[in-house]
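Here is a quick walk through one model, starting with its rings and working out to the sheet. Keep the viewer open as you read.

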Amino acid sequence: DKIISTLNCGADILCLQEIAPFTNDLLSQKELKEAYPYRLLLIRSDSFGVGILSRYPLKDCQMHKTEQETVSIEGTVVKDGQPIKVFSVHTLPPVLDDYFRCRNNEIAQLAAGAANSKDPVLVLGDFNCASWSPHMKPIFAAQLKEVTSLPKYAPQSWHVKLPPPFRLPLDHIFVSKHFTVENFAFGSESGSDHRPLVATLKLSR
């Protein structure tokens, strides 16, 4: 299965979006449960289920609901005694005025949560927003950096069925200053209309 193959990438932390009931069935398979015993999952019948899977203990888990009933989640992964704050997000697409405002408010709230953390921070997910949008300014004001600075017209994460020049960079991995980016790549297509993002990060001690 393409999804299982994508998830078996060897990552320490997986942040997932659009988790539907059938996806949860895949996540419950023995192989994945043993690889990622620590998890926070919000399963929904729409496109806004989110999750964090970790090889390392996950604590202080929270869910943050927006005015449009979508949810971002956060948790603290503890690796070798070092806590790492992780946010997994899927904002609304800005196709309606209310959705537009909700998306922008959620981005600002995520940035505030990251800025207030004393621990290293990862913010990952589908932002339905490109990095160069003015509505992403709160993220960069919170001293978060994107793991990749691909040229604006390089092949991007969405939509996989579109020719590369027409794809958009809606999916992002942002990290705090505690991390050095050693590698970034797109994962193999998994059946989603988004390409997965894979980053190798080094945490400064």
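## Aromatic pairs

Searching the whole structure turns up two aromatic pairs (rings of Phe, Tyr and Trp, the last by its six-membered ring, with centres within 6.5 Å; planes under 30 degrees apart are stacked, over 60 edge-to-face, and the rest tilted). In one of them, Phe127 and Phe174 have ring centres 5.4 Å apart and planes at 85 degrees, so this pair is edge-to-face. The pair links distant parts of the chain, 47 residues apart: Phe127 sits in the loop between E7 and helix H5 (137-141), and Phe174 in strand E9. Helices (H or I, at least four residues) and strands (E, at least two) are DSSP runs, numbered from the N terminus. Both Phe127 and Phe174 are buried (under 20% relative accessible area; exposed is over 50%, partly exposed in between, with a 1.4 Å probe and protein chains only).

Then there is the pair of Phe140 and Phe174: their ring centres are 5.7 Å apart and the planes are at 85 degrees, so edge-to-face again applies. Phe140 belongs to helix H5 and Phe174 to strand E9, so the pair ties together parts that are 34 residues apart in sequence. Phe174 has 0% relative accessibility and counts as buried, while Phe140 is partly exposed at 34%. Through these ring pairs, Phe127, Phe140 and Phe174 form a cluster.

## About the model

This is a predicted model, where local features need pLDDT of at least 70 and side-chain atom pairs count only at pLDDT 80 or more, though totals for chains, interfaces and linings use all residues. Residues are numbered from 1 along each chain as its sequence is written, and side-chain values use heavy atoms, with hydrogens and water left out.

## The sheet

Now for the strands. Six of them make an open sheet with mixed pairing, in the order E4-E5-E6-E7-E9-E8 (two strands pair if DSSP finds at least two bridges between them). At the edges are strand E4 (58-65) and strand E8 (145-146), each pairing on one side only. Helix H4 (residues 97-115) packs on the sheet and touches E5, E6 and strand E7 (121-126), where contact means heavy atoms within 4.5 Å. The direction of H4 makes about 180 degrees with that of E6; axes are lines fitted to C-alpha atoms, for helices over the stretch in contact, and angles run from 0 to 180 degrees between N-to-C directions.

How do the neighbours of E6 run? Strand E5 (residues 71-79) is antiparallel to strand E6 (residues 82-90), with seven bridges joining them. Thr76 is partnered with Lys85 of E6, and Val77 with Ile84. The hairpin of E5 and E6 has two residues between the strands, and Asp80 there takes a positive phi near 55 degrees. E6 and E7, in turn, run parallel and share six bridges, with Val86 partnered by Leu122 in E7. Eight of the nine residues of E6 are buried, so the strand is largely enclosed by the rest of the structure.

## Nonpolar cores

Val86 and Leu122 come up again here: they have the most contacts inside the largest nonpolar core, which has 19 residues. Such a core is a set of buried Ala, Val, Leu, Ile, Met, Phe, Trp, Tyr and Cys residues joined through side-chain atoms within 4.5 Å. At least two core residues come from each of strand E2 (38-42), strand E3 (50-54), E5, E6, E7, strand E9 (171-175) and strand E10 (179-186). E5 gives the most, with three residues.

Leaving out residues up to four places away in sequence, Leu122 touches Ile13, Ile84, Lys85, Val86, Phe87, Phe174, Val175, Phe179 and Leu201. Another core of 15 residues lies apart from the largest one, and Val123, Phe127, Ile139 and Leu144 are among its members.

Two glutamates are worth a click. Glu18, in the loop between strand E1 (13-17) and helix H2 (21-27), has a positive phi of about 60 degrees although it is not a glycine. Glu18 is partly exposed, at 30% relative accessibility. Glu69, in the loop between E4 and E5, also has a positive phi, near 75 degrees, and is partly exposed at 44%.

Finally, the charged end of Arg55 sits over the ring of Tyr36, 4.6 Å from its centre (NZ of Lys or CZ of Arg within 6 Å of the ring centre and within 35 degrees of the ring normal).
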